[in-house]
Amino acid sequence: MKSLIIASVLAALPAGAYASQLDSLAQAIVLADPAWQAREASLRASAAAVKAANTLPGPEAEGEYLWGPAGDNRWGAGVSQSFDWPGVYAARRAESRAAANAFDLLASAELAERTLAARLTLIDLIAARRRASTVGRIADNLRRQTELTQRALDHGQATILDLRKLQIAALEAGTRLEQAEQARAEAIGQLRAMGLRAEVPDGLTYPDATDTDAAAQNWNAMPGVRAAEAEAEAAEARARVAARSLLPGFSIGYRHQFEGGNHFNGISFGISLPSWGSKKALRAARAEAEAARMQSEAAHSSHDAVLETLLRSLPGLKARTEAYRNALDTSDYPVLLEKSLNGGQISILTYIQELNFFLEAEMARIEAEQQYQAALASLSRFNTWH
């Protein structure tokens, strides 16, 4: 079933539509995750339980049969219904609505956070693949130059020092390639743990640039904060329920008695006084409402701080990404270096140093792009689920 969900999302995308494929794949992974399915079912059950709580208790039926002297027996039967004070039901309805709304918003918030986690892992995978591809190219160049230098050494046209320099550089590149492949495997493993069963397309790339203004507006409708507000509202309603529960309840019923050969019909009326611990329950409910209000304020503060941090960091990350792109996309640096080496314009040592310089620059570029995309994903986490 999980593979079918993910495969259907991938199949619905046209060939080459990789700009939006990451988001679609992240959503499909989350929806296919059994942990999310269980959590969603639990939240639905909790919401249903809250709605079911504000109902009247069932009617009470009772009967009696008494034996008297000389066969003078009597019997009776009745049915009654208990009620709380009328204001209690209105308070419970308000509590039920707020609590059910809180559960719905909490589900939306958790879905958004789980989708963000999947998106970030996919971004990690893309970065790991790019690192592996870049290091692989460098390793191939060094391996090819090592072979050429070995043949040149055999013909007395190179030195053993040149060969050793290249062998050491190739060994270091191989180690970095193993590390990049390990990072790629770890990202795949994390996606598998989230519920991914299909293969992640090799052409998967980062989404198009996000409209930061629209993303910020969606952020302001953040379901997590709204869930905290709804929970605070529900806690206040529970405090009102506890306060009104100090008022007496009552019951009314119908009675039928048979005695002395006569049938008697009538009604019964009863009053139930609050339990001994009602005032303690009220104090606890008010304390809970105060705590929920403070948690809502804390959620607002945290929400604003995270948004401000993201909006401040994005321009710098974007500028750094574009600067690396302008510097590194103008020419194929490794090819130019190889031509210079083969043409005798630079030495083996210079070639290795320049190649390492290029590799470090490419790694820094990939890191900058990864950080920029992660920040965009964090900012736009509520673009879809809000």
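The model is a predicted one, in which local features need pLDDT of at least 70 and side-chain atom pairs count only at pLDDT 80 or more, while totals for chains, interfaces and linings use all residues. Residues are numbered from 1 along each chain as its sequence is written, and side-chain values use heavy atoms, with hydrogens and water left out.

To start with the big picture, the protein has 10 helices and four strands. Both kinds of element are DSSP runs numbered from the N terminus, helices being H or I with at least four residues and strands being E with at least two. Read from the N terminus, the order is α-α-α-β-β-α-α-α-α-β-β-α-α-α. Of the 386 residues, 38% are buried; here buried means under 20% relative accessible area, exposed means over 50%, and partly exposed is in between, with a 1.4 Å probe and protein chains only. Among contacts with a separation of 6 or more, 79% join residues 24 or more positions apart, a contact being heavy atoms within 4.5 Å.

Tyr-65, Trp-67 and Trp-75 make a nonpolar surface patch of about 390 Å². Patches are built from residues with over 30% relative accessible area and no salt bridge, joining like charges within 9 Å and nonpolar side chains (Val, Leu, Ile, Met, Phe, Trp, Tyr) within 5 Å. Tyr-65 sits in strand β1, residues 60-66, and is partly exposed at a relative accessible area of 41%.

Helix α2 gives a picture of the inside. This helix covers residues 21-32, and its 12 residues reach 16 Å from first C-alpha to last, close to the 16 Å expected at 1.5 Å a residue; the expected span is 1.5 Å times one less than the number of residues. Because 10 of its 12 residues are buried, α2 is largely enclosed by the rest of the structure. Among the buried ones are Leu-22, Leu-25, Ile-29 and Val-30, along with Gln-21 and Gln-27.

Next come the charged pairs. The whole structure has 16 salt bridges, each being a side-chain nitrogen of Lys or Arg within 4 Å of a carboxyl oxygen of Asp or Glu. One of them joins Glu-62 and Arg-255, with the closest N and O atoms 3.3 Å apart. Glu-62 lies in strand β1 and Arg-255 in strand β3 (residues 249-259), so this pair ties together parts that are 193 residues apart in sequence. Both partners are partly exposed, Glu-62 at 45% relative accessibility and Arg-255 at 21%.

Another salt bridge runs between Arg-130 and Glu-369, where the closest N and O atoms are 2.9 Å apart. Since Arg-130 is in helix α4 (residues 86-154) and Glu-369 in helix α10 (residues 348-379), the pair ties together parts 239 residues apart in sequence. Arg-130 is partly exposed at 29%, whereas Glu-369 is buried at 8%. The two also belong to a network of salt bridges that links Arg-130, Glu-362, Arg-365 and Glu-369.

Arg-143 is partly exposed at 42% relative accessibility, and Asp-140 is partly exposed at 36%.

Arg-320, in helix α8 (residues 278-328), is partly exposed at 35%. Its side chain makes a polar contact of 3.0 Å with the side chain of Gln-371. Arg-320 and Ala-368 are 48 residues apart in sequence but 6.8 Å apart in space, C-alpha to C-alpha.

Over in helix α9 (residues 333-342) lies Glu-338, buried at a relative accessible area of 12%. The side chain of Glu-338 makes a polar contact of 3.1 Å with that of Gln-145. Beyond neighbours within four places in sequence, Glu-338 is in contact with Asn-141, Arg-144, Gln-145 and Tyr-351.

Technical notes:
Accessible areas come from the Shrake-Rupley method with a 1.4 Å probe; for residues, only the protein chains shown count as cover. A polar contact is a pair of N or O atoms within 3.5 Å; within protein, one must be able to donate a hydrogen and the other to accept it, and residues adjacent in sequence count only if both atoms are side-chain atoms.
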